[in-house]
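Please read the following walk through the model with the coordinates open beside it.

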Amino acid sequence: MSATVPSGSSGDPSHHWFQHTVFYEVLVRGFFDANDDGTGDLAGLRAKLDYLQWLGIDCLWLLPFNPSPMRDGGYDVSDFFQVHPDYGTIGDLVALVEDAHRRGIRVIADLVINHTSDQHPWFVESRSSRTNPKADWYVWNDDDKRWPEARVVFADVERSNWTFDDTRKQYYWHRFYSHQPDLNYDNPEVAEAMLEVVRFWLDLGLDGFRLDAVPYLFQRDGTSGEHLPETHAYVRRIRKQLDAEYPGRILLAEANGWPADVADYFGTGDECHLCFHFPLMPRLFTAVRREQRYPVTEILSQTPEIPDGCQWAIFLRNHDELTLEQVTDEERDYLFAEYAKDPRMKRHMGIGRRLAPLLDGDRRLAELLYALLLSLPGSPVVYYGDEILMGDNIYLGDRDSVRTPMQWSPDRNGGFSRADFARLYLPPLMDPVYGYGAVNVEAQMRNPGSFLHWLRGMLVQRRSLPVLGVGRMEVLDCPNPSILAFVRSGEVLEASIAAVPSTGQEPAVPVSTGQEPAVPVSTGQEPAVPGHRSQAVLCVHNLSRFAQPALLDLAPWEGMRPVEVLGRVPFPAVGAEPYPLALGPYGYSWFELSASVEPLGAQEP
């Protein structure tokens with residue numbers, strides 16, 4: 001990973017804001033209900049922007065907000081150019097984006113690019129006959145035998161990727177649910193129509209898109225129908241449009257595959273700006289259960305270098321199941337045995353649980369995993385509610401187990417809505433451990449020792465360490481397999497986090513944190529490029545439930561002194577021998593490696 005100013009399609013550093021960004025994934029209907037109809041809405045999300053600014057979020061990622069029959073949480077879109085009436089209007093979306101920009105928060109949204117709902121007018125017309133103007137907008141065939149090499153993604157609920165349509169008397173192709181027919185990107189009209197969708201929402205102020213299910217856009221005989229050259233060519237076409245007309249806007253690829261395959265979606269810096277690193281996530285959970293770093297270091301060793309101006313997006317949990325597609329059968333069985341002891345916890349090829357229940361409510365373990373998330377290479381994504389360690393409801397269908405209402409207070413409906421309980425889109429959690437009476441934002445904001453305050457403080461510290469966004473990573477040798485230690489180092493811009501581009505309203509304001517970020521310690525080295533400085537951060541993590549010793553090979557940094565980031569406490573200088581440290585159960589420490597700091601004992605008591 002590059003440690004210098006990226007050289008992608010633009011030399012403007014502000015266009016690479018996503019490399020230092022903490023994303024916050026939010027379910028609009030599950031966040032806050034402003035009109036008391038039982039469903040969260042855009043006005044409700046807008047009303048909570050002060051909270052998100054206080055937390056230190058840089059960019060909101062909105063799950064689908066388009067009109068939809070809601071048979072798949074909105075991923076079955078029935079109109080690409082409107083807002084679901086339950087969520088508000090296009091005007092509400094524009095107001096949200098403008099208010100977010102004033103607070104220094106960007107906004108991206110899901111672009112469901114692969115398929116539509118079977119109730120979309122395009123499909124209704126396409127299925128009506130074999131000769132209508134949109135007859136070829138979807139993928140039709142006379143039988144269901146073509147492309148047998150393509151796997152069925154939801155094999156637990158769908159037996160085939162083909163479904164027979166009684167109206168047209170043909171089969172249509174779908175990689176997901178049968179009510180989600182795939183668009184035919186071999187039709188130039190379809191390809192242009194989706195580019196119009198992109199332009200429409202970017203013109204309204206969105207800062208980019210997450211490309212949903214992007215590997216499946218094209219089908220070819222004798223292939224799996226994934227990661228095809230034609231798909232990459234179309235992504236490049238979208239990117240070219242962004243670079244030409246909307247510089248500084250981004251594309252984030254949802255491509256669930258091995259790192260070498262997914263890295264192709266960066267292209268040569270001319271496809272997506274970010275890609276999710278799906279295989280890393282289950283291996284973090286494997287590592288803390290086995291109390292060994294090897295699952296993590298092994299997948300990192302298989303992760304290729306990516307072009308300048310690109311970034312991985314990394315996460316612990318999201319709106320889907322904890323997917324186990326990119327693990328071996330043995331690893332999958334192990335993870336099911338450890339994290340899904342009740343069969344109702346399983347969803348498709350994964351586990352439908354939130355972070356806190358996965359960890360049996362162990363806050364120490366939650367802190368350790370977040371410390372890893374915030375220090376590993378990539379831009380971290382926080383799922384709404386995980387900042388207060390919300391729970392889940394495994395008795396709800398499909399993936400609704402992790403999409404319950406945000407818990408704002410111990411009041412009625414968890415402060416999410418004043419509607420009658422029966423009108424809520426999903427019931428809030430009411431169990432004694434994770435219910436809104438026990439876990440809510442109001443209580444944690446009043447408690448300085450809460451997980452919410454801890455995470456907010458970590459985001460402050462991460463902002464003061466831009467090398468965590470763009471620096472190289474070097475995993476350190478350590479005889480203790482329970483210790484995962486690495487150094488992030490490189491040249492960083494003095495002002496690495498650019499302001500949100502002007503939208504014609506008030507200028508963006510910096511996020512108020514209530515405390516000053518830690519002042520970086522001088523390394524005593526002259527910057528290689530004007531406006532740059534060198535930075536190196538040592539990150540040490542104990543994956544064991546027991547206290548562990550660590551002997552670290554820090555020879556390249558001999559003579560430098562580690563300064564603990566959270567307390568700015570200088571530790572003894574690095575010598576020729578391996579550097580000794582001790583960490584408590586699930587402990588972690590970040591140190592800035594400094595060549596210029598006062599000797600030990602020189603500080604005021």
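Leu 554 is buried, with a relative accessible area of 2%, where buried means under 20% relative accessible area, exposed means over 50% and partly exposed lies in between, with a 1.4 Å probe and protein chains only. Leu 554 sits in the loop between β18 (548–552) and β19 (561–564); helices (H or I, at least four residues) and strands (E, at least two) are DSSP runs, numbered from the N terminus. If residues up to four places away in sequence are not counted, Leu 554 touches Leu 476, Val 487, Leu 538, Val 574 and Tyr 579, a contact being heavy atoms within 4.5 Å.

The model is a predicted one, in which local features need pLDDT of at least 70 and side-chain atom pairs count only at pLDDT 80 or more, whereas totals for chains, interfaces and linings use all residues. Residues are numbered from 1 along each chain as its sequence is written, and side-chain values use heavy atoms, with hydrogens and water left out.

For the protein chain the mean pLDDT is 90, and 90% of the residues reach 70 or more; pLDDT is the predictor's confidence in each residue, from 0 to 100. Over residues 496–528, however, the pLDDT is below 50, and this stretch has 65 contacts in the model beyond near neighbours in sequence. The pLDDT is also below 50 over residues 600–605, a stretch with six contacts beyond near neighbours in sequence.

Taken as a whole, the protein chain has 16 helices and 22 strands, and buried residues make up 62% of its 605 residues. Among contacts between residues at least 6 apart in sequence, 72% join residues at least 24 apart.

Side chains of opposite charge can pair when their charged atoms come close. The structure holds 40 salt bridges, each defined as a side-chain nitrogen of Lys or Arg within 4 Å of a carboxyl oxygen of Asp or Glu. In one of them, Arg 127 meets Asp 165 at 2.5 Å, N to O. This pair links distant parts of the chain, since Arg 127 belongs to helix α5 (residues 121–128) and Asp 165 to strand β5 (residues 162–165), 38 residues apart. Arg 127 counts as partly exposed at 22% relative accessibility, whereas Asp 165 counts as buried at 2%.

A further salt bridge joins the side chains of Arg 175 and Glu 226 at 3.4 Å, N to O. Arg 175 lies in the loop between β6 (170–173) and α6 (188–203), and Glu 226 in the loop between β7 (208–212) and α7 (229–245), so the pair ties together parts that are 51 residues apart in sequence. Arg 175 is buried, with a relative accessible area of 1%, and Glu 226 is buried as well, at 13%.

Arg 220 pairs with Glu 230 in a salt bridge whose closest N and O atoms are 3.2 Å apart. Arg 220 is in the loop between β7 and α7, and Glu 230 is in helix α7, 10 residues apart. Arg 220 is partly exposed, with a relative accessible area of 27%, and Glu 230 counts as partly exposed at 27%. Elsewhere, salt bridges that share partners join Asp 72, Asp 320, Glu 321, Arg 399 and Arg 403 into one network.

On a 1 Å grid over the protein atoms alone, a cavity is a set of points where a 1.4 Å probe fits but cannot get out, and a pocket is an open set with protein on both sides within 12 Å along at least five of seven lines; lining residues have an atom within 4 Å of a point. Grid points are joined across faces, edges and corners, and a volume is the space filled by probe spheres set on the points. By this rule there are five cavities of 30 Å³ or more.

The largest cavity holds about 380 Å³ of space. Of the 27 residues that line the largest cavity, Phe 154, Phe 176, Glu 254, Asp 320 and Arg 399 are the closest to its centre. By class, its lining has 11 nonpolar, seven polar and nine charged residues, with Ala, Val, Leu, Ile, Met, Phe, Trp, Tyr, Cys and Pro counted as nonpolar, Asp, Glu, Lys and Arg as charged, and the others, Gly among them, as polar.

The second largest pocket holds about 300 Å³. Its lining comprises 14 residues, of which Leu 300, Thr 303, Glu 305, Pro 377 and Met 473 are the closest to its centre. Strand β15 (residues 472–475) gives the most to this lining, with three residues, and the lining divides into 10 nonpolar, two polar and two charged residues.
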